[in-house]
Amino acid sequence: MRIAEISSTPDHRRASPVPAATSAAVSNHSTALVQIEATIKSLERHLPAHPLPDSFSSELRLALVQLTQLAPFPNSVKLQVWKLSYRLWNTCVDLSNASTSKISEEHAKLRQVAAELLFQTADVAGIPSPAFKAALFFYKTGLVWYDLRKFDLANNCFEKATDLVSNIEISSVSDEDDRKLLLDLNLARSRAAWEVSDRNLAIALLNRSKNVLFGVSRNYNALANQYLTFGKTLLSTSEVSAVNEALKLINDALELCEKGLRVVKRTEETLHLKELRLKTLRFIAAAHLQRDEFESVLKCVKVLREVGSGGDHHPSLSVMAMKAWLGLGRYGEAEKELRGMVLNKGIPEGVWVSAVESYFQAAGAAGAETIKGVFLGLLERCHVSAGAAIRVVNRIIGNGLSHGEGMKVRANVVSELVTDERVVAVFDREGAAKERLPCMPSCGTVFRYLLSVSEHYFSRRGSKRYQTHVILNLLLCSATEHFRSKEYLLSAEMFEKSMLYVPHGMENRILRAKGYRVLCLCYLGLLQLDRAEEYINEAEKLEPNIASSFLKFKIFLQKNDHDRAIAQMQAMPSCLDFTTDFISLSAHEAVACRCLPVATASLCQLLNFYSSGKSMPTNEVVVFRTLVTILSQDPANETDVLRYMKQARSRLSEIGPDLFFGKCEVGRREKNWFAGNAWNSGVRTGQEKNYELSAAFFKLASEFYGVVGDGETEGNDVMVCKSIIMAVSAIIAGEKHRNCTLLETEVRQAIDLLGRAGKILMSSSASIRQTDDQTTAIEPNFFFMYTWSSFDLYSRLSDMSSQQLSLVKTFASSKSCNPKHLLQIGLEASQRPRSNPEVCTFALNTCLASLLASPSPDYQTVALVLRKLISISTIYKGDTEDDSITKIYKQAYRIMVGLREGEYPIEEAKWLAMTAWNRAALPVKMGQIESAKKWMNIGMELATKVPGLHTYKSCMEDYLAGFEKKFCGQDSGKNRTQAVS
């Protein structure tokens, strides 16, 4: 506001001669004043649209310092200073009024200079109330600094203004403006102190202001209002101590209102005080409510409602009364207050929405029906904004922490509320409320739905579309919480209702398709598979993509419709947004549902992408391993297991072990898994007498064990050797099991295989260092299996006799050899169509020697070997005079010498004695007297070692005596018997 400038000098004193010193001082004053005036003129020419440079305030401040140093001033200079100050002030006012921008700090500095000019000449003569005028400049400048949030500078101005008027007796002040200034200064200082958190000073200044009210209505109103303002500020902090202090300040405000009403008599002056009194009472009620003093709140409300003729009907009274009744647990009275608000058309929307929120927060799910009734009643009574509907729905939905019946009640109320045509119409859905979807279905991941809402459609905050977006998200969040709690029915219902707020039209097809997919997922959770399938079909019509395709696959899995599930999985690559992750996910889902054929088909489909060279997130070996693991769960799938393991071996050969298995420890583990699995499958199928598969598995195992991976110099030769031996053994066992004969080509292939194993066995590296740094040699039984299998195969070919003998000799010289193995080889060699007597004799003789070398020989086996040797010699030698046969009998006799009775098998001893005696029959017939006597003597000597043959021995002796008498009388002087030994 401009201030009238001083146009004339009121100093009428007669001019008197001025001393020379005084003239010099006046000259200096003039220089400073001229400088100030020049700067003011420049400021007057400044364009308001341009920002103020700091040169104006700097020049004025410098001139002010120069002028201050020349104090004291003559009255004429003081008058000139006042003129310049007023001129500067009014220039600042003109610039401020002409500019639309906020007052700057530079502007405040100029006003500060104007006030400082008056401060230096406050004792000027000829100007009425100069102190009040100077104080007014500082007060107004302080307000500018206060608005700029420069509270220290503002307080400095207010204090200077206070100093200027502090020596004036309050009772002597009669001017209304001066009186008003005294109160305004105290209030301004109090506000500045409050802003810098000096509460004690602020309240002290308010109390000091009570002395400058002068019985004026406006002053009472201003001071009471300041008390109330400070009280409201403290009340908003919600701290207990602050609330108590706030209540004291608000009570002081109420006391001032009461006092003012007693002092002021004119009706028009009391209106503002009465209004402020009611407002103060309302805040006192709010303070009591914040302190949970509910009875006091109700008393305040009662007083307010009974004030005057009509009472106070402020909207907040119903809210506070309702909260107080809720605090006392009297929900019936609280509900009456809430329903009464519906009838009061003067209550703003925000107030009753806040009341609804408070009521529901206290009453919980039990108050949901009341909230719905109140809200729908408001819809009938007046216009309700979409924002209000959103807040009500949000409050009923809650934070998702309720469970059981409470959750269901909330969901049902929200469902009824959002489907009411009046609520839908609030959101201006352009007819969407009339389009009821019969059964809203859908599919997809629940939590991605919220992220997929079209931001380009719901753009401007506060617009209809934005409000629709908010209510849609509220419903979706609630539905999502129900889904997470596995309340699929409630979740589906909420998702269906949310579809009412999804716009129709081509631009929203994707959004609606997502809604259908989400609903499909809900009905999958409810196992209502037909309904889920119906909904995903609808989604696929709107947006055919991989998500819809995968959910259809999942439905078919749940229905155990393997054929359709496989067909759906195979159709997935045709989707535009297809990724191979969905095939992997399909396999996982199939395994979880125990649909092994579908899982197998999915993994096979996945393998096709590897062979095509497509980059894949998972290593190919993992897919093969998973596929083999799944197939191995059913013994009927052994053929398929073999097929895919062979396919894995083929891929291994194509891309190399490092790319197929991986490198380092991971690669070694993968290789060992495949090799070990092939070995185990070979053992299992062999035990099931499926020797053909067993041989194939063992061959495959040998190939996997022979792979040289990253960081390895050679394969696992020990396991390669064992696998080959087991494979050939399975081939031979399969031949016997099928009662057929191997072809010569098959025999030679098997011999070639064994040749590889033989090299490992015979090499100096028969003991091979394993990955765990443990030395492991090939077990003896594998050496025997190798020898036996090689011998068997060699015996099938006509040109292999020498190899057979060399093979058996090699085995016999090894540490792996034992008598039982040699006996088995000897017996086998004697029984084959192409028997080999050399091998048989060598094996049995070596076996016999090994048995007799034992500390406690097995004489049952010894007897068996002796009998077999005699039989073979008899068959293949044919000559009864052959010394080899005689040596065998004599060896048998020497073995029995010294044994305890029965230690050598009796029946075998009898057999030896009888066969030796009977061998004399032919020589007797042929007249070969010496040969006959030899065999009779051998038989008789052997009979002496057999218990129970005494009668036979007597007969033998009698016969031998008669024989000698008949054919050998001429030699009666010779010995009658021939010693066996």
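**Starting out.** I am working with a predicted model.

**Entry: the cores.** I looked up the largest nonpolar core and found 136 residues in it. Met645, Tyr889, Tyr904 and Leu942 have the most contacts inside that core. I then checked which helix gives the most to it, and that is H34 (residues 717-738), with 11 residues. Setting aside residues up to four places away in sequence, Leu942 touches Tyr889, Tyr893, Met896, Leu912, Ala913 and Ala916. There is also a second, separate core of 112 residues, and I noted Leu79, Leu164, Ala193 and Leu281 among its members.

**Entry: H7 and H9.** Next I went to helix H7 (residues 176-195) and helix H9 (residues 217-235). Their axes come within 10 Å and cross at roughly 5 degrees. An angle under 35 degrees counts as roughly parallel, so I wrote H7 down as roughly parallel to H9. On the H7 side, the residues that meet H9 are Lys180, Leu183, Asp184, Leu187, Ser190, Arg191 and Trp194. H9 answers with Arg218, Asn219, Ala222, Leu223, Gln226, Phe230, Thr233 and Leu234. I sorted this contact by class and got seven nonpolar, four polar and four charged residues.

**Entry: Ala242.** Is Ala242 buried or exposed? Its relative accessible area is 3%, so I put it down as buried. Ala242 lies in helix H10 (residues 240-263). Leaving out neighbours within four places in sequence, I found Ala242 in contact with Leu234 and Thr237. I also checked Gly231, 11 residues away along the chain from Ala242; the two C-alpha atoms are 8.8 Å apart.

**Entry: H28.** I tested the length of helix H28 (residues 596-611). With 16 residues at 1.5 Å a residue, H28 should span 22 Å, and its end C-alpha atoms are 23 Å apart, which agrees. After H28 comes Gly613, and I noted its positive phi, near 85 degrees.

**Entry: H36 and H37.** How do helix H36 (residues 780-794) and helix H37 (residues 801-812) cross? Their axes come within 9 Å, at roughly 170 degrees. The cut-off for roughly antiparallel is over 145, so H36 and H37 are roughly antiparallel to each other. From H36 I listed Phe783, Phe784, Tyr786, Thr787, Ser790, Phe791 and Tyr794, which meet Gln803, Gln804, Leu807, Val808 and Phe811 in H37.

Terms used. Residues numbered from 1 in each chain as written. Predicted model: local features only at pLDDT ≥ 70, side-chain atom pairs only at ≥ 80, totals over all residues. Heavy atoms only, no water. Axes fitted to C-alpha atoms, helices over the stretch in contact; angles between N-to-C directions. Helix = DSSP H or I, 4+ residues; strand = E, 2+ residues; numbered from the N terminus. Parallel < 35°, antiparallel > 145°, perpendicular 65-115°, else oblique. Contact = heavy atoms within 4.5 Å. Buried < 20%, exposed > 50% of the residue type's maximum accessible area, 1.4 Å probe, protein only. Expected span 1.5 Å × (residues − 1). Core = buried A, V, L, I, M, F, W, Y, C linked by side-chain atoms within 4.5 Å. Nonpolar A, V, L, I, M, F, W, Y, C, P; charged D, E, K, R; others polar.
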